[in-house]
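Visitor: I am new to this structure. Please pick one part and take me through it closely, then show me what surrounds it.

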Amino acid sequence: MDRPILTQPSPSRYTDPRSPGTPAPPRDPDPPPRDIAFLERQDELRIYQQLDLLDATFLKTSFERYNTYTICNADDAACYFAKESSETKWRICLHQRPMTVEIKDNYGSVVMRLDRPWRCRASWLCCCHLQEMFIERPPGVVLASVTENWTCWRPEFDVSLSGRGGFLLRGAWSSCRCGSHNRFYVYDRSGEKVAVISKTYETCTARCALLNDFNIQYLSSLSAQDKMLILGSAFLVDFNYLELRV
């Protein structure tokens, strides 16, 4: 489904013929700001994975193409685009593959890059070399790291920033992938719940096609950078606990 894209309007060439003193017509809404400033006034983001014909053809096999996503606001207007970069051999052989993901705005500028090295997934028998991801802004400069904490039942991720606190992402006691509500709650260092990362299967199409869509709801007033960090962290949660595979 095509979604509207928030873009910068072209300058108007219209010359106002009205006589002096005539009230000016109402102005069009201001264009969305560049970079991450757009996030300051957003309370919800919707992330849609793009599933094309080849994705659907190979859905039941071990072959997987590059993941691409459209990130929209609550009105389903596209505001960011994300694309995975990884080697074919890793996409075929490893689910927990190393990759980078670039997130760009509607102007084509990279607002952040996610660098995910190869890591194991936490389990009863595996408590070392756990999932990790680095959030870079600008690309090449590490702003924060996301690391998985080893737990017996409840998945947890720690978001650490250089020089100050971060966030704790905590899932349900049993993170099930079988077509129901799946939520991860985001807490700040004081223990306050500030956001929810959720995946819900609302239609039969979503269940059968394994569409990988998820939402982020911001529950409190956060800076644009904090919202960006939660957005970046949500991709690591999705790769490990929300995305369905056969």
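Guide: Start with Phe235. Leaving out residues up to four places away in sequence, Phe235 touches Ile47, Tyr69, Ile71, Ala82, Ile103 and Leu114. Contact here means heavy atoms within 4.5 Å.

A word on the model before going on. It is predicted: local features need pLDDT of at least 70, side-chain atom pairs count only at pLDDT 80 or more, and totals for chains, interfaces and linings use all residues. Residues are numbered from 1 along each chain as its sequence is written, and side-chain values use heavy atoms, with hydrogens and water left out.

Back to Phe235. The largest nonpolar core has 47 residues, and Phe235 is listed with Ile71 and Ile103 as having the most contacts inside it. A nonpolar core is a set of buried Ala, Val, Leu, Ile, Met, Phe, Trp, Tyr and Cys residues joined through side-chain atoms within 4.5 Å. Buried means under 20% relative accessible area; exposed means over 50%, and partly exposed lies in between (1.4 Å probe, protein chains only). Helix α4, residues 224-242, gives the most to this core, with 12 residues.

Now the whole chain. Its secondary structure comes to 4 helices and 12 strands. These are DSSP runs, numbered from the N terminus: helices are H or I with at least four residues, strands E with at least two. Of the 246 residues, 43% count as buried. Take the contacts with a separation of 6 or more: 47% of them join residues 24 or more positions apart.

Next, strand β8, residues 156-161. This strand is mostly covered, with 5 of its 6 residues buried. On one side, β8 pairs with β7 (residues 142-149) in the antiparallel sense, over 6 bridges. Two strands pair if DSSP finds at least two bridges between them. β7 and β8 form a hairpin with 6 residues between them. Asn149 has Glu156 in β8 as its bridge partner. β8 also pairs with β9 (residues 164-170), again antiparallel, over 5 bridges. There, Leu161 stands opposite Arg164 in β9.

Look inside β8 at Asp158. Asp158 counts as buried because its relative accessibility is 15%. Its side chain makes a polar contact of 2.7 Å with the side chain of Ser160. Another, of 3.0 Å, joins the side chains of Asp158 and Arg189. A polar contact is a pair of N or O atoms within 3.5 Å; within protein, one must be able to donate a hydrogen and the other to accept it, and residues adjacent in sequence count only if both atoms are side-chain atoms. Setting aside neighbours within four places in sequence, the residues in contact with Asp158 include Thr147, Phe167 and Leu168.

Strand β11, residues 193-199, is also mostly covered: 6 of its 7 residues are buried. β11 pairs with β10 (residues 182-188) in the antiparallel sense over 6 bridges. The two form a hairpin with 4 residues between them, and Gly191 in the turn has a positive phi of about 95°. Val196 in β11 is the bridge partner of Tyr185. Val196 also stands opposite Gln217 in β12. β11 and β12 (residues 214-218) pair in the antiparallel sense over 4 bridges.

Two loops have backbone details. Pro138 lies in the loop between β6 (132-136) and β7. A cis peptide bond joins Arg137 and Pro138, with omega about -5°. Asp76 is in the loop between β2 (68-72) and β3 (78-85). Its phi is near 65°, a positive value in a residue other than glycine. With 18% relative accessibility, Asp76 counts as buried.

Then the cysteines. The count of disulfides comes to 0; the rule asks for two cysteine sulfur atoms within 2.5 Å. Cys72 is in no disulfide, and its nearest cysteine sulfur, that of Cys79, is 6.4 Å away. Cys72 is buried at 0% relative accessibility, and Cys79 is buried at 4%.

End past α4, in the segment that holds Glu243. Glu243 is buried, with a relative accessible area of 4%. Glu243 and Asn212 are 31 residues apart in sequence, yet 5.7 Å apart in space, C-alpha to C-alpha.
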